[in-house]
Amino acid sequence: MTKKLLAEALGTFILVLFGCGAAVIGGATVGFTGIALAFGLAIIAAAYGLGAISGAHLNPAVSLGMVAAGRMSAADCAGYAAAQVAGAIAGALVLYCIASGQAEYSVAVNGLGQNGYGVGYLGGYAMSAALMFEFVMTFIFVTVILGATGAGSTAGFAGLAIGLTLAAIHLVGINVTGVSVNPARSIGPALFVGGTALSQLWLFIVAPLAGGAVAGVIYKLGLTRA
């Protein structure tokens, strides 16, 4: 189990460092498309590099979806979630250290790729829109993961399908919430940015977990299972 938890922590570390790093360091150079690809490619890298060890959930919402689908125990889910959050915090810390190497960088101004909503955050979308987006997109994301890794799926293509789905979700929603669909990914940067990012963090924990759980229940009922 220790090896699995280490794989989950390392994989989530990669996800935050690459994805949020593209937003903070790449910024205007890569644009929304580049950020979306960074998140998607990070998932693909972790899935193929670490998936054989732990399944590469890298996301408490995915692990909860696995529990709801009957494919993981609650105890294992708790361990996975703790490892994922730890990896996300470590990823955000390393990103902060790198970004701080530029004299003009300020975490208060430039942030760490944190999620948010409302006036002053990217498109200025309302809380209701943020809730809807995070719930629905996490439901879709976890549904794809369960299907791509379940019985009847095409062997060897799960990582690609999952990574491309995450990239597509980012292409749609970066301007809405910065895209979480992953409580761990949101917790890491928010802890260092503080302020509004921390006060809005609840949404990026509750909505993804709810979306993942519903996806798992529907899968267990057989409606989205081969």
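Trainee: Let's start with the largest pocket. By class, how many residues of its lining are nonpolar, polar and charged?

Mentor: Good place to begin, and do keep in mind that this is a predicted model. The largest pocket has a lining of 30 residues. Sorted by class, that lining holds 15 nonpolar, 14 polar and one charged.

Trainee: Which residues lie nearest the centre of the largest pocket?

Mentor: Picture a space of about 540 Å³, which is the volume of the largest pocket. Around the centre of that pocket, the nearest lining residues are Asn 110, Gly 113, Gln 114, Tyr 121 and Leu 122.

Trainee: Which helix gives the largest share of that lining?

Mentor: Several helices take part: α1 (2-26), α2 (31-54), α5 (107-110), α8 (183-193) and α9 (195-199) each bring at least two residues to the largest pocket. The largest share is four residues, and it comes from α2.

Trainee: Leu 122 was on your list. Is Leu 122 buried or exposed, or in between?

Mentor: Leu 122 sits in the loop between α5 and α6. Its phi is positive, about 40 degrees, although Leu 122 is not a glycine. For the label we need the cut-offs: buried is under 20% relative accessible area and exposed is over 50%. Leu 122 has 47%, so it counts as partly exposed.

Trainee: What about the second largest pocket: which helix gives the most to its lining?

Mentor: This pocket holds about 440 Å³ of space. Helices α1, α2, α3 (60-68), α4 (74-99), α6 (127-149) and α7 (158-177) each supply at least two residues of its lining. With six residues, the one that gives the most is α2.

Trainee: How many residues of the second largest pocket's lining are nonpolar, polar and charged?

Mentor: In total, 35 residues line this pocket, with Gly 55, Ala 56, His 57, Ile 145 and Thr 149 nearest its centre. By class, the lining is made of 20 nonpolar, eleven polar and four charged.

Trainee: Next comes α3. Against which helices do its buried residues pack?

Mentor: Helix α3 is mostly covered, with seven of its nine residues buried. Those seven are Pro 60, Ala 61, Val 62, Ser 63, Gly 65, Met 66 and Ala 68. Their packing partners are α4, α6, α8 and α10 (203-220).

Trainee: At the start of α3, which backbone nitrogen does a side-chain oxygen of Asn 59 reach?

Mentor: Let's look at both ends of the helix. Just after α3, Gly 70 takes a positive phi of about 80 degrees. At the start, the Asn 59 oxygen comes to within 2.8 Å of the backbone nitrogen of Ala 61.

Trainee: Now the whole protein: what is its radius of gyration?

Mentor: The fold has ten helices and zero strands, and 50% of its 226 residues count as buried. Its C-alpha atoms fill a box of roughly 50 × 35 × 30 Å along the principal axes. A compact globule with 226 residues would have a radius of gyration near 17 Å, which agrees with the value for this protein, 16 Å.

Notes:
Residues numbered from 1 in each chain as written. Predicted model: local features only at pLDDT ≥ 70, side-chain atom pairs only at ≥ 80, totals over all residues. Heavy atoms only, no water. 1 Å grid on protein atoms, 1.4 Å probe; cavity = no way out; pocket = protein on both sides within 12 Å on 5 of 7 lines; lining within 4 Å. Points joined across faces, edges and corners; volume = space filled by probe spheres on them. Nonpolar A, V, L, I, M, F, W, Y, C, P; charged D, E, K, R; others polar. Buried < 20%, exposed > 50% of the residue type's maximum accessible area, 1.4 Å probe, protein only. Contact = heavy atoms within 4.5 Å. Polar contact = N/O pair within 3.5 Å; in protein donor to acceptor, adjacent residues only side chain to side chain. Rg over C-alpha atoms; globule rule 2.2 N^0.38 Å.
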